[in-house]
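Colleague: I have a structure open and want to learn how to read its features. Can we go through them one by one?

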Amino acid sequence: MWFHVLFNTLHAPVFGIIAICLYRVARIVTRWSIGKCIAAVLALSVCLGALSELAQVPTGRDASLGDLLTDVLGASAFLFLAVASGFLDRPTKSTRIGLAIVGAITLIVVSLPLLTVSAAYIERNLQLPVLATPDASLGKHFWRRQHASVLQTVFPPTDQSAFRIQLQDGAWPGLIFHDTWSDWRNYSALVVEMGNDERLPLNLHLRVHDREHSRHDQPYSDRFNRTITLPQGPLLIRIPLSEIRDAPASRQLDLGQIDGMAVFSDASNAGRHFFLISIRLE
């Protein structure tokens, strides 16, 4: 995920360099003012950004308005700062100050996704041996909903912080954890704390997979799977990592390259909910 965000953020300096070059050309071949050149370059940057995203559609790549916004913000930030520095032109002092302020703010805005995700990874590493907890302020970067709504709250009977996962219509509703801490080799067990505040028990499924599994067709027999009957009240499940390691049918799961986990149910339980308190290693 970090490299994906880095790649998207790198659109900013690329379009920034393009904008600076276009500005130089505009100042050479026209008699336009600084303001008019900046406006023309930014308009052209929008067009180039839109074309680059549209060109990705036929190839099935991840074209998005977010990438277009990053392109335009990057072009703006680098162009404003370059003009303000005197590298490209000699604007008035007030113009330089204004461009420098706007350019710096724009650069911070375009860098925020990468800074935030970097901070999330730092927090993830510091919370070890806990792998998932609602108390992590940036933990939402490492989980996604699948046909479910998620509320960070408390489990009423014990007043512990918990995810309240409301199951919705759809196949395999639940919570998927990705980019988890991958090296489990120094631990002996996976501990999952959950809760149910309803009388009826709820059947859930827990899965763990490694990077080798993610690279291929991901068959059911190539990962760790466990069906859990969640009764009323809190439940603590301790699973030896040796069981997780030996779960795949034709190989051993690589405990040094864990890629993700999931806690989910099936479509028959739509409308019900459960609480996930934490997932940790021991």
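**Reading the features**

Modeller: Start with the cysteines: a search of the whole structure finds 0 disulfides, a disulfide being a pair of cysteine sulfur atoms within 2.5 Å. This is a predicted model, where local features need pLDDT of at least 70, side-chain atom pairs count only at pLDDT 80 or more, and totals for chains, interfaces and linings use all residues. Residues are numbered from 1 along each chain as its sequence is written, and side-chain values use heavy atoms, with hydrogens and water left out.

Colleague: Is Cys-37 buried or exposed?

Modeller: Check the relative accessible area: under 20% is buried, over 50% exposed, and in between partly exposed, with a 1.4 Å probe and protein chains only. Cys-37 has 0%, so it is buried. Cys-21 has 44% and counts as partly exposed.

Colleague: Now the helices. At what angle do α1 and α2 pack?

Modeller: Helices (H or I, at least four residues) and strands (E, at least two) are DSSP runs, numbered from the N terminus. Axes are lines fitted to C-alpha atoms, for helices over the stretch in contact, and angles run from 0 to 180 degrees between N-to-C directions. Helix α1 (residues 2-9) packs against α2 at about 15°, and the axes are 4 Å apart. Angles under 35 degrees count as roughly parallel, over 145 as roughly antiparallel, 65 to 115 as roughly perpendicular and the rest as oblique. So α1 and α2 are roughly parallel.

Colleague: Which residues meet there?

Modeller: Contact means heavy atoms within 4.5 Å. On the α1 side are Phe-7, Asn-8 and Thr-9; on the α2 side, His-11, Ala-12 and Pro-13.

Colleague: What else does His-11 touch?

Modeller: His-11 lies in α2 (residues 11-29). Leaving out residues up to four places away in sequence, His-11 touches Glu-53, Asp-67, Thr-70 and Asp-71. At 16% relative accessibility, His-11 is buried.

Colleague: How do I read the backbone angles?

Modeller: Most residues other than glycine have a negative phi, and most peptide bonds are trans. Asp-159 has a positive phi of about 60°. Asp-159 sits in the loop between β3 (148-155) and β4 (160-167) and is exposed at 57%. Trp-172 has a positive phi near 55°, in the loop between β4 and β5 (174-178). A cis peptide bond joins Leu-128 and Pro-129, with omega about 5°.

Colleague: Last, the sheet. In what order do the strands run?

Modeller: Strands of a sheet pair through backbone hydrogen bonds, either parallel or antiparallel. Two strands pair if DSSP finds at least two bridges between them. This open sheet has 5 strands in the order β2-β5-β10-β7-β8, with antiparallel pairing. β2 (143-146) and β8 (224-230) stand at the edges with a single partner strand each, so one side of each has no neighbour in the sheet.

Colleague: How many bridges join β7 to β10?

Modeller: There are 6 bridges between β7 (residues 202-210) and β10 (residues 258-264). Arg-207 has Ala-262 in β10 as its bridge partner.
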